[in-house]
Amino acid sequence: MTAAPTPRPPHYWLMKSEPDECSIDDALAAPDATVPWTGVRNYQARNFMRDDMQVGDGVLFYHSSCPAPGIAGLARVASGTRADPTQFDPASPYFDPKSPPDAPRWLLLDVQALRKTRLIGLPELRARPELVTMRLLQRGSRLSITPVSEDEWTVITTELMTLG
């Protein structure tokens with residue numbers, strides 16, 4: 001009899017969403033506080049979802065492309081990946097005519113919002129020396145999904161979220 005594989009410890013992620021498309025409030029108001037994370041159109045971000053993200057992983061829910069960008073809540077990965085239907089919808093801004101239904105190029109997974117937090121903006125994140133290597137803070141970093149180290153997660157969730 002083969003032993004079951006040992007589950008890996010949770011990983012942590014920062015996932016950006018434009019609040020006019022899906023804010024932390026929208027996610028919390030959704031059924032089971034769960035939303036499909038549609039519209040990812042970057043191969044590296046897609047590969048993080050496909051290859052590295054697992055149910056239960058922690059998520060920093062980040063509002064982007066808005067007047068006050070920053071971490072707005074905590075969430076968790078709530079499903080494995082599946083085809084993102086927006087790639088097949090000609091009316092969607094995420095339509096991809098080169099993605100065939102029998103071999104979809106783009107994926108989504110479900111994210112379950114856990115709670116709204118105070119907004120933690122870039123200046124506050126940059127002011128913490130422990131976060132100097134955080135991917136979000138690197139020059140030219142524009143990915144919608146980035147890994148967060150356990151140490152970065154701890155600083156943000158136990159220190160920054162309790163301030164103010």
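Leaving aside neighbours within four places in sequence, which residues is Thr 146 in contact with? The contacts of Thr 146 (heavy atoms within 4.5 Å) are Tyr 12, Trp 13, Leu 14, Phe 48, Arg 135 and Ser 141.

## Basis of the model

This is a predicted model, in which local features need pLDDT of at least 70 and side-chain atom pairs count only at pLDDT 80 or more, while totals for chains, interfaces and linings use all residues. Residues are numbered from 1 along each chain as its sequence is written, and side-chain values use heavy atoms, with hydrogens and water left out.

## Overall fold

The protein chain has four helices and eight strands, taken as DSSP runs numbered from the N terminus (helices H or I, at least four residues; strands E, at least two). From the N terminus on, their order is β-α-β-α-β-β-β-β-β-α-β-α.

Of the 164 residues, 44% count as buried (under 20% relative accessible area; exposed is over 50%, partly exposed in between; 1.4 Å probe, protein chains only). Among contacts between residues at least 6 apart in sequence, 73% join residues at least 24 apart. The C-alpha trace spans about 55 × 50 × 35 Å along its principal axes.

## Nonpolar cores

A nonpolar core is a set of buried Ala, Val, Leu, Ile, Met, Phe, Trp, Tyr and Cys residues joined through side-chain atoms within 4.5 Å. The largest has 25 residues, and those with the most contacts inside it are Met 15, Trp 37, Met 49, Met 53, Phe 61, Leu 109 and Ile 145. Two or more residues each come from strand 1 (12–17), helix 1 (24–29), helix 2 (43–52), strand 3 (58–63), strand 4 (70–77) and strand 7 (110–120). Apart from this core lies another, of 19 residues, including Leu 125, Leu 136, Leu 137 and Ile 156.

Not counting residues up to four places away in sequence, Trp 37 touches Met 15, Lys 16, Ser 17, Phe 61, Leu 107, Leu 108, Leu 109 and Val 111.

## Strand 8 and helix 4

Thr 146 lies in strand 8 (residues 145–148) and is buried, with a relative accessible area of 3%. In helix 4 (residues 150–159), the buried residues include Glu 152, Trp 153, Val 155, Ile 156 and Thr 157. The cover over the buried residues of helix 4 includes strand 1, strand 3, strand 4, strand 7, helix 3 (122–126) and strand 8.

## Ser 79

Ser 79 occupies the loop between strand 4 and strand 5 (82–83) and is buried, at a relative accessible area of 12%. Its side chain reaches the backbone nitrogen of Asp 110 at 2.8 Å. Beyond neighbours within four places in sequence, Ser 79 is in contact with Val 55, Leu 109 and Asp 110.

How values were computed. A polar contact is a pair of N or O atoms within 3.5 Å; within protein, one must be able to donate a hydrogen and the other to accept it, and residues adjacent in sequence count only if both atoms are side-chain atoms.
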